Amino acid sequence: MVSLSELAEIARSCGAPLCGAARAGGLSADREDIERILPGALSVVVLAAPHSRSALESRDVQAAQYDTIHVYGEAARASHALARWLERKGHRAVAVPAFIPIDMSPPKHGMKGAVDWRDAGAMAGIGGYGESGLLVTQRFGPAVRLGGVLTDAVIAPGDPLPGTPCTRCNRCVEACPTGALSGGGMVDKKKCGEMIFSGGYRAWRKFLLDLIEAPPEKRREMTASQISLELWQNFMTGNYYYCFACQAACPVGRVSRA
Ligand code: B12
């Protein structure tokens, strides 16, 4: 049996101060996905790396984007460090992507992770579901990026929290600029995606189609258009999120200003 406290210490030292474990068999994920990643997986270790609340709340979206790149880096470092440590102890362990790469083939089309990290986090008891549909942690609210590891090690699973840290204040629902949230964890993924992915895959596809269909004399100008430059920047940085409103609006875990 591997001790969670040793794993938690490694995760903490890599920038992910919340760490828990759950039984891999209890995940809502397709068993096939789990078996393809790690046949015989018994446990999932889930960790959370916190955002800077100031960056998330900034009116400059690039400040939140830059913070997101950093936080995903910490979640990745922590999960790879855990996987390497478990392997050194003689177990098999795989760090599972926090968001991308993700299965883009139908029917998932990039909308379902191999491990749904909110589900894993709720099972492990590092947080509970909020009105926003996000995992809300006591210490950092929903302002975290989740990630983790599948392993064949036996790790004592945590228990789901008796209640959620979400206070049901509804500020996330009110803050959503597209009206994608209706409370109770209900998310209109299309409405949300249109906003957060305004420089993502769909924008890239539209740009390509517009380019193909444009008269030849327009094409050169289009390659220097704002959306072309924005997409290039997103490819370079790996960030393609343009909205953080539901994470930023949550009062849970926000350090009060003296
Ligand atoms: C696809 C995806 C999206 C899609 C679809 C979201 C969705 N709801 O599935 C879109 C593009 C809309 C999206 C948006 C955002 N995302 Co996103 N997204 C993902 C991704 C890659 C996969 C999600 C997945 O597998 N869904 C599977 C299906 C089954 O989920 P579902 O249909 O929502 O069903 C679940 C919920 O209904 C949930 N549930 C919700 N409320 C409640 C309440 C109760 C009581 C219960 C029991 C269950 C429950 O239970 C179901 C099963 O788990 C994950 C990374 C990952 N691998 O987990 C990140 C992830 C969920 N996203 C994240 C974030 C931060 C965002 C955004 C803020 C954008 C941004 N700036 O980054 C918004 C937030 C929108 C919102 N309020 O939910 C974080 C969430 C962190 C957290 N604290 O929870 C994740 C975990 C990425 C990460 N590694 O940190 N995202």
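This is a predicted model: local features need pLDDT of at least 70, side-chain atom pairs count only at pLDDT 80 or more; totals for chains, interfaces and linings use all residues.
1. Cavity count and volume. The model has one cavity of 30 Å³ or more. The largest cavity holds about 90 Å³ of space. Its lining comprises 14 residues. Closest to the centre are Glu 131, Cys 166, Cys 169, Cys 172 and Cys 250.

2. Cavity lining by class. Eight of the lining residues are nonpolar, four are polar and two are charged.

3. Salt bridges overall. The structure contains twelve. Side chains of opposite charge can pair when their charged atoms come close.

4. Glu 35 and Arg 31. These side chains form a salt bridge, with N to O at 2.9 Å. Both residues sit in helix H2 (residues 31–37), four residues apart, so about one helical turn separates them. Glu 35 is partly exposed at 31% relative accessibility. Arg 31 is also partly exposed, at 37%.

5. Lys 206 and Asp 210. Here the salt bridge has an N to O distance of 2.7 Å. The two residues belong to helix H8 (residues 201–213) and are four residues apart, about one turn. Asp 210 is partly exposed, with a relative accessible area of 31%.

6. Asp 116 and Arg 118. Their closest N and O atoms are 3.5 Å apart, in a salt bridge. Asp 116 has 23% relative accessibility and counts as partly exposed. Arg 118 is partly exposed at 33%.

7. Network. Salt bridges link Asp 30, Asp 33, Arg 36 and Lys 108.

Conventions
Residues are numbered from 1 along each chain as its sequence is written. Side-chain values use heavy atoms; hydrogens and water are left out. On a 1 Å grid over the protein atoms alone, a cavity is a set of points where a 1.4 Å probe fits but cannot get out, and a pocket is an open set with protein on both sides within 12 Å along at least five of seven lines; lining residues have an atom within 4 Å of a point. Grid points are joined across faces, edges and corners, and a volume is the space filled by probe spheres set on the points. Ala, Val, Leu, Ile, Met, Phe, Trp, Tyr, Cys and Pro count as nonpolar, Asp, Glu, Lys and Arg as charged, and the others, Gly among them, as polar. A salt bridge is a side-chain nitrogen of Lys or Arg within 4 Å of a carboxyl oxygen of Asp or Glu. Buried means under 20% relative accessible area, exposed over 50%, partly exposed in between (1.4 Å probe, protein chains only).
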